Structures are given as C-alpha cells and as structure tokens.
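Thanks for coming, everyone. Let's get the model up on the screen and go through strands and rings.

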Amino acid sequence: SQLEMFVDELPDMPKIKCFEDAANGAPKPKKLKIGMFKKKWKFHRDLPPTPVYAYGTSKHTATVPGPTIEALHGIDTYVTWQNHLPSKHILPWDPTIPTAIPRKKKGIPTVVHLHGGIDEPESDGNSNSWFTAGFKEKGPTWTKKTYHYHNMQQPGNLWYHDHAMGLTRINLLAGLVGAYIVRHHDVETPLRLPSGDEFDRPLVVFDRSFRTDGSIYMNSTGNNPSIHPQWQPEYFGDAIIVNGKAWPRMTVRRRKYRFRIINASNARFYRFFFANGLRFIHVAADSVYLGRPVVTNETLLAPSEIADVVIDFSESKSDVAILANDAPYPYPSGDPVNDANGKVMKFIIKKNHELDTWRVPEKLIKYPSPDPSSASRTRYIAMYEYTSDIDEPTHLFINGKSYEEPVTETPKAGTSEVWNVINLTEDNHPLHIHLGLFVVLDQRELVKLEEFKACMTKYNDAIKCHISKYARGKKLEVSEHEKGWKNVYKMTPGYVTKILVRFSYIHSNASYPFDPTAEPGYVYHCHVSKFLISCLLFIFQWQSFMV
Ligand code: C2O
C-alpha cells in the first residue's frame, strides 16, 4: 500500500559550525568529531522506524541525512570521522566485485569524501583509505584519522558522503550523506540573497523503497547471480525522501527562499518543476556562484549535482505548490515516473503578503571565464561498457581500461586541459572530477555511432578512430544556468562532451605535511552507482602537488 504524501513536516538537519566564534576578533578553526552510528530513523508517519546508518556528533543526535556542516572561507576545518558501526551490514553487499573487505572480515569499511572539496589528497576519502570501527582495520591507502579541509575555495555547496570501495552504493543507501556549505560573508552578504536558518535551506533528495516493517528494501539477488550473487547495477526507490522524510511538506511565507538542492540518490535523475508554474531562479550550481541569476521552469539534476535556487513564493497564484519530477529512470530512456516518484514535496504558502527584505541582484559573482587556448593539453576519454551474453553490463571502461589498472592521466596542479568525453554507453553518466572545476564547452552527437564503436572496441583510441570524422552531429545547448564552473556534469549518451578542466591547487600558504611517497591520487568517476564502486573509474595521480 502506498504511504500518504505530504503528512510529515520538512525537517532541518542539525547544523555544525566548524569554526569557533572568538569573543572578539576573527573566528578560529575548530576540531570536530563526527561519528557514523547505526540507529533507527522515522522516514514517514505511518512507517515503522527504519534501521539506518547516520552521521552525527553522538548516536542520539545523528540524523539521515547527516548534520549540515557550515564552514567559513579561509578557516580550516578538522574532522575526525569515526566509525561506530557494528559488523553486519543492514543491506546486502557483494564480495565478488572489487570491494573493501577487512582481513578479519569484521566491521563495515567506510571512508568520507567531501564532494566538491579542494583539499589535500590524504583528506579526500580515497576509496582504498577505508577504516572499520575504532580504526581496527584500514585500507591500503589509509594515512590518517583526522581530515583537514582548507575551505580556501569559492563560497558554495558541497556534500559529504561515503566513498568506500565497492560499498559506496550501500553505505549511501543506508544513510551516509550530508550537506556542507562554504560561506564567505564578505562577498555573499552584499548580495542580500535569502539567508539565515529560516530562508536558506539545504534540501537533500534521494529515493528509497521500504518493506512494511520499515526496513530499506534492496533486492538481494543479483541480475546475474551465477557471477555476482547480490550485485544490482542500479538502485531506484519509489518513495522520494527530502531531508529524511518521504514527500514532506513545508509551510512558507509569501516571499523568497533559497534552496540548495542536492541530488543524493544513487542513480535517479530528477527533472524538477512546479505543477503551478512557480519558477527556479538559479544563483549557483554545484561549485560556485553564477555571474547572473538564471530563471527556469524546470531543472534537471543528475546524481550528485546541486542546484542552488531562489524560489519566490509571492509569485504563486495558488496557496499550495507541489514540487514534482518527470525524469525517466534510468535517464534518459528508462521508465516514465509514476504517481509516487513523480512527486517530491509540497509547499503550503501562507495567504498574507509580506514585505520581502531579500532580493535577487542582477549580478552575482563573476569568476574568470574559461579560456580554451590556455589548455596545456587535450585528452579523449571514451566511456563504454561491455555487456555479457545475458545482457548485463559488466564493467565500465575508460579507453578500454578498468579502475584497477595503473593510472593513465596525470594532469599537473594549476593547469587547464580540454577533455573530450565520449559516452558510448546507453545511459547518461554524471562525470565527477575530484579537485577540478570544469566548464562545459559543448556537446556534439556522434554520427555513424556503430561504426565508431566498432573501431573503438578494436583500438581503444579515439584519434586512431578519427573522432573528428564522427563528432559532427547535432549540437546540444548547455543550459544557461549550467555554463558556470562545475564539478559534475551529465555526459549525454552517443555524444562527445567537451569540457575545460582547471586542476586546482590548495592556496600556497596552506601548510601540512605532504608525504610524496604516499600514493594519494584523485579520482574521476561517474556518479551513478551502476557499476562496481559507484562506477569509480581510475585515479589520476597528483604530481607536484605543492605549488
Ligand atoms: Cu561524490 Cu568521488 O564522489
């Protein structure tokens, strides 16, 4: 039976400030301890409590999603992430895919990645730097307990989530996600965008299915059980959860609010729209502010993308506005949405009109625009999957190589490169690059796709296969609100997406011990949990890290 929609109030996750407000003078860095706990969480009024994994400063205060971490630009954050999870996972996992498996087979490997963070590699949450409860067992690249986030980057929206090898998809499903905001008052306050706890809110959105006893439902039989007993390529749930409640409701005043919408789903894309015509005023994307606000009627978010929008409820003609979704799943050619996953949440708009002190300025924050001529090199990155006889995608490859193979791409800190990402799979893949900001330059359809694929299967080399002869089809426009700097973008199937990547570096006065013999490395990967480790692809190593 279907749960009743819009009966629970939208919660606000607890906030953790990661700076000390000094009595007088500048704020100071603070050391935080954030744990992962097993507990029960109420996702809906009529659903029994669900066993989950939750981030928090104690078991009692832990939440799903986890607390919203608020950082200040220029003030370092130190977090000791602590694993308090018992040894048996609440969800089925599959040891036949590359997976973090503790030697003594006890404990659940976890490691935290700050998605969008520009930090030292040792604090990046490498999939092989996992650890179990009490740091009893650690993965091969583990180096330290306390992660250091520099917060030297532009103000914007990040999120933190589990990143452990082979377990990312189930650790996320179990609840290990949360929002992280970098604020920079000097540049943001003059904008006078909606701010403060009431008017500026993260919305962490994901999909889940539940059994009648409240537990998270995940099919425990693999699509191809003779090879992978439990592994399922993608996860889709019918209940849409916002800030830990299924289809919640929120009562708002007739004025502007700012919502930082994070798609924390494993595989579901959302195309959000308001059934009553309310619009989204985009002010930022997943990394930084836009130069100018962009108004849209709908907004498509791939897993891990963030839309930072102002919604002006004074424009609403009705007293109720349903936030809805119409993105097929898998995107773009899967099933159409149904009554359940086509609805997200409900806003109840108070009747009386108010004076609105917030505004959306004509100009936001302008960052240098991309200059392709500054690129120090051009790379071709072809993604494709091999399909087994029984029609199951078995592995995602890049230029014919799997994640386990040696590093092939070694960009230098502080340089820019043009990447042509060639998507030869059937699905749209959100490509995410750690530590790099990029701008999408254009998307071009491949003509004679089958011919090109056949050549690539043989040679794994886009130049040898005359990519320029094929990348001559339709042009897909990049939406105005997605033309800024981003850390993840949707790679359209059958297209070449050209991006200009700027490999960032930590501000030069950041100091920390850097061990050149360690093998930290950054990764880029697709953010759909379809493939082995959240389809984590392969590492490019960080050379000449210190600038
Ligand atoms: Cu959001 Cu490598 O991850």
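Which ring does the charged end of Lys245 sit over? The ring of Trp41, 5.9 Å from its centre. The rule here: NZ of Lys or CZ of Arg within 6 Å of the ring centre and within 35 degrees of the ring normal. Lys138 also lies over a ring face, that of Trp142, at 4.6 Å from the ring centre.

Some ground rules. This is a predicted model, with local features needing pLDDT of at least 70 and side-chain atom pairs pLDDT 80 or more, while totals for chains, interfaces and linings use all residues. Residues are numbered from 1 along each chain as its sequence is written, and side-chain values use heavy atoms, without hydrogens and water.

Now strands. They are DSSP runs of E, at least two residues, numbered from the N terminus. Two of them pair if DSSP finds at least two bridges between them.

Five strands make an open sheet, order 1-5-10-9-7, with mixed pairing. Strand 1 (15-17) and strand 7 (112-115) are at the edges, each with a single partner strand, so one side of each has no neighbour in the sheet. Neighbouring strands in this sheet are turned by 25° against each other on average, direction ignored; the axes are lines fitted to C-alpha atoms. Strand 7 pairs with strand 9 (residues 156-162), antiparallel, over four bridges. There, Leu114 is opposite Tyr160.

Next, strand 3 (residues 28-41). Strand 2 (residues 19-20) pairs with strand 3 in the antiparallel sense over two bridges. Strand 4 (residues 50-56) is antiparallel to strand 3, over seven bridges, and Lys39 has Val52 as its bridge partner. Strand 6 (residues 77-83) runs parallel to strand 3, also over seven bridges. Lys33 stands opposite Thr80 there.

On to the aromatics. Rings of Phe, Tyr and Trp (its six-membered ring) pair with centres within 6.5 Å; planes under 30 degrees apart are stacked, over 60 edge-to-face, the rest tilted. That gives 21 aromatic pairs. One of them is Tyr149 with Tyr180, edge-to-face, at 5.9 Å and 80°. Tyr149 is in strand 8 and Tyr180 in strand 10, 31 residues apart. Both are buried, meaning under 20% relative accessible area with a 1.4 Å probe, protein chains only.

Why is the Phe269 and Tyr331 pair stacked? Because the centres are 4.8 Å apart and the planes at 15°. Both residues lie in loops, so the pair ties together parts 62 residues apart in sequence.

Last, a cluster: ring pairs link Phe199, Tyr257, Phe259, Phe274, Phe280, Phe313, Phe347 and Trp358.

Technical notes: Axes are lines fitted to C-alpha atoms, for helices over the stretch in contact, and angles run from 0 to 180 degrees between N-to-C directions. Buried means under 20% relative accessible area, exposed over 50%, partly exposed in between (1.4 Å probe, protein chains only).
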